[in-house]
Amino acid sequence: MKILHTADLHLGQIIYQNYDRSDEHRHFFRQLEQWCQEESPDALLVSGDVFDIQQPSATVKKRFTDYFVHLHRQCPQMHIVITAGNHDSASRIQADSAVWQLANAHLVGTPPAVDSLDRVDGWQQSFVVRLDSGYVVALPYMTGDRRTIVQAILDYVAQENTQQLPVVMMAHQAVTGLDPAGHHFDIGTLKTLDPAAMGHGYDYLALGHIHKPQTLGHPEDADYRSASCHQAPVVRYSGSALHVSCDEAYPHTVSVVEIDRHGGQVSVRQKRIDELCHFYVLPSDGSSFTSADEALQALADFVGKGERGYIRFCFDVRADLPSNFDQMVYDALLPFDDEWRYNPKMLWTGASEKNETRKDELVFEVAELQQMTDPMMFVERTKDQYPGLDLEDVRQAFEEVKAEMLLLREEKEARRPAASRTDSQTLNATEP
């Protein structure tokens with residue numbers, strides 16, 4: 001069995017609040033198409049975070065369709081398996097799954113329900129893609145520990161797999177032992193699951209969510225092009241398609257995985273992605289600027305080299321920058337028509353109170369904010385930024401606001417015509 005494994009495409013990402021990355025994604029998919037044609041895999045796996053936000057624009061959805069329909073036309077025998085990540089809308093991914101089967105593509109958005117084990121046997125097949133060469137267990141992003149449900153799916157495959165064909169499982173999950181380099185969190189704050197919670201019975205676990213390519217329990221070969229061979233089971237993050245932030249200072253790759261048999265040898269090769277726009281820090285010698293004029297002159301010298309990419313500055317904390325410094329940089333890059341782009345989040349060197357404040361700055365992912373349905377979740381996460389804040393007072397204030405909104409809703413309902421209220425009550429009574 002041979003697969004290409006990638007994840008975390010983040011289609012539609014607007015980086016640094018200013019730059020659309022569609023040209024970079026287009027460049028990535030040209031390479032992916034070439035590798036699919038060269039390698040002739042049985043399947044291409046995309047392990048979650050297809051989109052950057054849960055409600056992508058119509059333009060971004062069209063790009064998604066165009067990219068994968070084109071891949072199918074170029075490689076019609078290749079299966080495409082796509083699962084939802086935490087940045088995706090599970091229901092939106094799932095809604096189009098029946099149509100995508102016409103293009104030999106399998107989209108799985110909605111995870112197994114928590115009461116799946118109480119259902120009639122056969123529910124597992126919604127998460128199993130059968131290939132001539134083996135099986136793919138396609139699991140989207142799931143919250144909590146659902147090891148009994150996951151194991152039930154793997155047991156379902158094991159019962160059917162009388163020929164001992166390879167079994168690959170997909171998941172979008174942070175597992176214990178990963179290297180989170182480049183993300184805005186560390187091991188102490190990242191909620192992880194023990195790999196044992198992902199069950200047993202698979203040969204290769206194709207993970208998404210963490211952007212650094214890595215095989216858990218095995219150091220990455222300095223020569224990413226050489227094949228590494230391991231005894232099954234193997235747990236691996238393919239890494240993201242693009243550098244999602246300038247902190248991801250490592251090669252990004254697509255994994256080529258070959259499995260000889262169930263329980264056998266797993267070979268992993270990497271195809272390094274040629275990034276259209278690289279990330280640069282100025283000064284490039286590792287020092288830091290001490291003035292705005294010095295930085296702007298270095299910028300002018302650097303962007304005249306005929307390349308393209310993202311620029312970030314490193315300043316000494318004693319540097320006194322004018323309030324319009326960012327605008328001065330944007331103006332300097334304007335003639336390059338987005339070939340050079342600016343990251344306004346600067347790096348600072350030197351110990352000072354000012355520097356410590358920046359180091360403690362909180363950063364949230366868009367999807368993380370979208371999942372904070374209770375405003376107190378955000379307040380509790382940021383409480384350390386506001387010394388003396390009384391959480392109980394804030395919580396009480398929110399409760400009073402909620403009570404007031406409920407009262408207003410009831411008063412509005414009472415003012416509606418009686419017939420409308422009756423229809424509404426009837427509708428509510430019939431809803432599950």
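The following legends describe close-up views of a predicted model of the protein.

**View 1. Overall fold of the predicted model.** The protein has 432 residues, of which 47% count as buried. Its secondary structure comprises 12 helices and 19 strands. Among contacts in the protein with a separation of 6 or more, 74% are made by residues 24 or more positions apart.

**View 2. The open sheet of 7 strands.** The strands follow the order E6-E5-E4-E1-E14-E15-E12, and their pairing is mixed. Strand E6 (105-108) and strand E12 (228-231) are the edge strands, each of which pairs on one side only. On average, neighbouring strands of this sheet are turned by 20° against each other, with direction ignored.

**View 3. Pairing of strands E14 and E15.** Strand E14 covers residues 253-259 and strand E15 covers residues 265-272. The two strands run antiparallel and are joined by 7 bridges. At one of the positions shown, Thr-253 has Arg-272 of strand E15 as its bridge partner.

**View 4. The open sheet of 6 strands.** The order of the strands is E7-E8-E9-E10-E13-E11, again with mixed pairing. Strand E7 (128-130) and strand E11 (214-215) stand at the edges; each has a single partner strand, so one side of each is left without a neighbour in the sheet.

**View 5. Pairing of strands E11 and E13.** Strand E11 pairs with strand E13 (residues 234-237) in the antiparallel sense, over 2 bridges. Within this pair, Gln-214 stands opposite Tyr-237 of strand E13.

**View 6. The largest cavity and its lining.** A search of the whole structure finds 2 cavities of 30 Å³ or more. The largest cavity holds about 80 Å³ of space. Its lining consists of 13 residues, and those nearest the centre are Met-142, Gly-144, Gln-173, Leu-193 and Met-198. Helix H5 (147-160) and strand E9 (167-172) each contribute at least two residues to the lining of the largest cavity. Strand E9 also belongs to the open sheet of 6 strands.

Conventions. Residues numbered from 1 in each chain as written. Predicted model: local features only at pLDDT ≥ 70, side-chain atom pairs only at ≥ 80, totals over all residues. Heavy atoms only, no water. Helix = DSSP H or I, 4+ residues; strand = E, 2+ residues; numbered from the N terminus. Buried < 20%, exposed > 50% of the residue type's maximum accessible area, 1.4 Å probe, protein only. Contact = heavy atoms within 4.5 Å. Pairing = 2+ DSSP bridges. Axes fitted to C-alpha atoms, helices over the stretch in contact; angles between N-to-C directions. 1 Å grid on protein atoms, 1.4 Å probe; cavity = no way out; pocket = protein on both sides within 12 Å on 5 of 7 lines; lining within 4 Å. Points joined across faces, edges and corners; volume = space filled by probe spheres on them.
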